[in-house]
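I opened the model to look up a few things in turn. The entries below follow the order in which I went through them.

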Amino acid sequence: MSTTTPTTRATRTQAAPARALNPGRTTATAARVLRQLSHDPRTIALLLLVPCLMLVLLRYVFDASPRTFDNIGASLLGVFPLITMFLVTSIATLRERTSGTLERLLAMPLGKADLIAGYALAFGALAIVQSALATGLSVWLLGLDVTGSPWLLLLVALLDALLGTALGLFVSAFAASEFQAVQFMPAVIFPQLLLCGLFTPRAEMHPALEAVSDVLPMSYAVDGMNEVLHHTDMTATFVRDILIVAGCALLVLGLGAATLRRRTA
C-alpha cells in the first residue's frame, strides 16, 4: 500500500519540470551572467583584449622570423582562448558558489542542466567574440599565413574557448577561494600546455609523455590548428580533432553539473 501523501506527490510534480532542459530558464540564466559580467570591465578586458595583445606581442617578438610566428601563432589561437576562459569562468562561478547564489537558484524551479547550459551559453557568447577578434587580428592585421580557411581557425578557437569554460565550471567546485581557483591553473592547464606539441612535436617526446599527451584535449586543439595551417581543405584528421575537443567540452560540462549537488545540497 502506497504511503505517498498528496503533498509529497505535488512536490514531486512541481520539481519534475526542473530536471529537463528548459530553453527559457537557460537563456534567462545566460542573460543574468552576461549582465553581471557587463558591470566588470576588467573581466571583459581580460577576455577580449589580453589574447589580442599577447598575439601582437608574439608577432613582434618574431619580427625577424615571420615564419616562426606562422607556426606558433596558429597554435596559440587555440591556447589563449582556453586559458582566459578557464580563468574567468572558474573565478566567476566560484563567486556564485561561495556567495550562495547557486544554492538559491537551485532552490527555484531551475534544473542543473538549465544552470550549466546557461553558464555555457553566456561564456560561449563571449568566446565567439574573443575568438573572432583574435583570429581576425592574427590573419588580417598581423599577417598570419595559413593554407586553409581562416573560418576553420575560428572554429577551433571557439571550441577551445568552450573547453576552457567547461574546465572552469568544473574546477570551481573544488576551490574554496578565488586564490585556490587560480592555483588550479598549474595543475589543469600547464601540463596540457607543455605536452600539446606547441614547443616540440609530440612524436619526439618520451613515450610515456606522448601517451599522456594523447589523452589531453589541448593536444587535439593544437593538432587541429596545425591541420588548417598546412592543408587547404578540411581533412579527416581535422574533423577527428575538433570532435574530440567538442566531446571533451561536453563531458566536462556534465561533470560540472554533477558537482552542483555536492556543493549546493
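I took helices (H or I, at least four residues) and strands (E, at least two) as DSSP runs, numbered from the N terminus. On that basis I read the elements from the N terminus on as α-α-α-α-α-α-α-α-α-α-α-α-α. The chain has 13 helices and 0 strands.

I noted the terms of the work. This is a predicted model, in which local features need pLDDT of at least 70 and side-chain atom pairs count only at pLDDT 80 or more, while totals for chains, interfaces and linings use all residues. Residues are numbered from 1 along each chain as its sequence is written, and side-chain values use heavy atoms, with hydrogens and water left out.

Entry: the chain overall. I called a residue buried under 20% relative accessible area, exposed over 50% and partly exposed in between (1.4 Å probe, protein chains only). Buried residues are 49% of the 265 in the chain. For contacts (heavy atoms within 4.5 Å), I looked at those between residues at least 6 apart in sequence, and 77% of them join residues at least 24 apart.

Entry: S138. I found S138 in helix α7 (residues 112-141). Is S138 buried or exposed? S138 counts as buried, at 1% relative accessibility. A polar atom of its side chain lies 2.9 Å from the backbone oxygen of A134. Leaving out residues up to four places away in sequence, S138 touches L55, L77, G143 and L144.

Entry: the largest pocket. I used a 1 Å grid over the protein atoms alone, where a pocket is an open set of points that a 1.4 Å probe fits, with protein on both sides within 12 Å along at least five of seven lines; lining residues have an atom within 4 Å of a point. The largest pocket holds about 320 Å³ of space, the volume being the space filled by probe spheres set on the points. It is lined by 15 residues, of which L37, D40, T43, A92 and R95 are the closest to its centre. Two or more lining residues come from each of α2 (23-38), α3 (41-48), α5 (66-98) and α7. The most come from α5, with 6 residues.

Entry: rings. I paired rings of Phe, Tyr and Trp (its six-membered ring) with centres within 6.5 Å, calling planes under 30 degrees apart stacked, over 60 edge-to-face and the rest tilted. I counted 1 aromatic pair. The ring centres of F170 and F174 are 5.2 Å apart and the planes are at 70 degrees, so this pair is edge-to-face. F170 is partly exposed at 22%, and F174 is partly exposed at 42%.

Definitions and conventions: Polar contact = N/O pair within 3.5 Å; in protein donor to acceptor, adjacent residues only side chain to side chain.
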